[in-house]
Amino acid sequence: DHAVTDVRRAARFGRARALRRAALAPRAGGCDPPRARPEHGCGTGAAARPRPLLVLGGLCFGMAFFSKQPAILDFLITLCFIGVATFTESGSFRRTVKALSLLISGFCLIFFAIVLYFYMNNSLREFYFWSWVYNIKYYIPVSSFIDKITAALWFISPKSFLRENIYLLILFVVGTFMAVVKFFSRTEKAGMAALIEPYFIAWGLAAYAGACLGGKTCGHYFIMILPPFCLVGGRCISGLFTILDSETKSLSDISRKYLKVFIVAAIALQLTLPVIYYAFKRNVAGFYLKGAGAVQGTLPKPFDELAAYIRDRSDKKEMIFVWGAYPEIYEAADRRPASRYITCDCLTGHIPWANSAPDIDTSKCIIPGSWKALMGDLKKNKPLYIIDTSPGAYRAFGKYPIVKFKDLFDFMNERYMLDKEFYDEYGNLSFRVFKRN
């Protein structure tokens, strides 16, 4: 056939190009000679020859893990997929181990780089405590199993991520159904291409389980589910386009393109509506979107007045300390914190949304050594102002008045005096400002 013809042409005209084409021509059975080897059969060889991109993937998973530790579940699912897909397609245990080793090596590079950084800065013990011990001993146990289930089941929790983003859930469910039908109706042997969609589904489920591990329903906990959910949802949209092409043959190509653009735009708008709604729901949202300088004068009345008061009556070199969980004050006032604790949750044992109720004693969750570190910072840096946010009960700090904490109360009693109080529009006390003597 073509191979024989090319050989004859090469023999007649001496063309090296024709000889190369003959050497690369597919043989009987569909095997590609340069790729097909006894250890991995007559496949494409894509999975059997691990790519350096696997190292890059490991690097990305390493960064994801240190950004949000439940991402380790995503990494484990990916390891399973790479292992199964590589072995299924190549049949080579050696190549499977090599592929997994490349992925793991990328992950370990990030791990060792971060450990080395903290070691070089004499903070390895603190790194270990906050990245592992705190989560295992304090953060995860404070949420009951029921809280975690409530966060996971979208139809129970009215504030669950998927309940507020119902269109994303619909796309994922429909895309999953289409992928499962396609997988079990295949006739060929399961290879890399056949396993990719089940991998996306498993990745999405693992990411969702990890997001619910802390028992919280806040949207930023669910960032990790967006890539797999969107990939599976894209399968749904692709299937919709296939149906559209078969049902609109009477339309011109340009009309079908415009129709597809409209569908994609409509779906994108529906997916982003919750974000748009939240951004404009509260004025303070502008603080996070634009920065303090762009929204000064538009923040809630006592907050804006407090920030302006500190800016106008202190030098930029001066430091301040905010008692509470209101780090925005540092940014809005443009003053540096006098302590390493820009929020005081670890000093009180407060874990947001987990033990915030006024009747819950949080003292058992106070981080050992935190008070010694705080008082050392304050004595060294001598903040000009100390702002007490507990009168306004901001972020559950109403149950933590300064008078309950002897070390801080005695420190302020000796060195500070009440300078000003700020009230909200209803006449309720919001902030107390103490100035250094």
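Helix H3 covers residues 53-67, and its 15 residues should span 21 Å at 1.5 Å a residue. The C-alpha atoms at its ends lie 21 Å apart, which agrees. The expected span is 1.5 Å times one less than the number of residues. Helices here are DSSP runs of H or I with at least four residues, strands are E runs of at least two, and both are numbered from the N terminus.

This is a predicted model, in which local features need pLDDT of at least 70 and side-chain atom pairs count only at pLDDT 80 or more, while totals for chains, interfaces and linings use all residues. Residues are numbered from 1 along each chain as its sequence is written, and side-chain values use heavy atoms, with hydrogens and water left out.

Which residues of H3 are buried? They are Leu54, Gly57, Gly58, Phe61, Gly62 and Phe65. These residues cover an arc of only 145° around the axis, so they sit on the same side of H3. The arc is taken from the directions between the helix axis and the C-beta atoms. Buried means under 20% relative accessible area, exposed means over 50%, and partly exposed lies in between (1.4 Å probe, protein chains only). The buried residues of H3 pack against helix H4 (72-90), H5 and helix H10 (192-211). Contact here means heavy atoms within 4.5 Å. Leu53 and Ser67 are exposed, on the face of H3 turned away from its buried side.

**A nonpolar patch**

Leu116, Tyr119, Met120 and Leu124 make a nonpolar surface patch of about 440 Å². Patch residues have over 30% relative accessible area and no salt bridge; nonpolar side chains (Val, Leu, Ile, Met, Phe, Trp, Tyr) are joined within 5 Å, like charges within 9 Å. Helix H5 (residues 93-120) gives the most to this patch, with 3 residues. Tyrosine 119 is found in H5. Its relative accessibility is 55%, so tyrosine 119 counts as exposed.

**Salt bridges**

Side chains of opposite charge can pair when their charged atoms come close. A salt bridge is a side-chain nitrogen of Lys or Arg within 4 Å of a carboxyl oxygen of Asp or Glu. The count by this rule is 11. The table includes some of them.

| Pair | Closest N and O atoms |
|---|---|
| Aspartate 334 and lysine 316 | 3.2 Å |
| Arginine 395 and glutamate 328 | 2.6 Å |
| Glutamate 414 and arginine 415 | 3.3 Å |

Aspartate 334 forms a salt bridge with lysine 316. Aspartate 334 lies in the loop between helix H16 (328-333) and strand E2 (336-337), and lysine 316 in the loop between helix H15 (301-312) and strand E1 (319-323), so the pair ties together parts that are 18 residues apart in sequence. Aspartate 334 is partly exposed at 38%; lysine 316 is exposed at 56%.

Arginine 395 forms a salt bridge with glutamate 328. Arginine 395 lies in the loop between strand E3 (385-388) and helix H19 (406-415), and glutamate 328 in helix H16, so this pair links parts 67 residues apart in sequence. Arginine 395 is partly exposed at 39%, whereas glutamate 328 is buried at 7%.

Glutamate 414 is exposed at 56%. Arginine 415 is partly exposed at 33%. Elsewhere, Asp245, Asp253, Arg256 and Lys260 are linked in a network of salt bridges.

**Whole chain**

The protein chain has 19 helices and 5 strands. Of its 437 residues, 40% are buried. Among contacts between residues at least 6 apart in sequence, 63% join residues at least 24 apart. The chain exposes about 25,400 Å², with 64% supplied by carbon and sulfur atoms. Accessible areas come from the Shrake-Rupley method with a 1.4 Å probe; for residues, only the protein chains shown count as cover.
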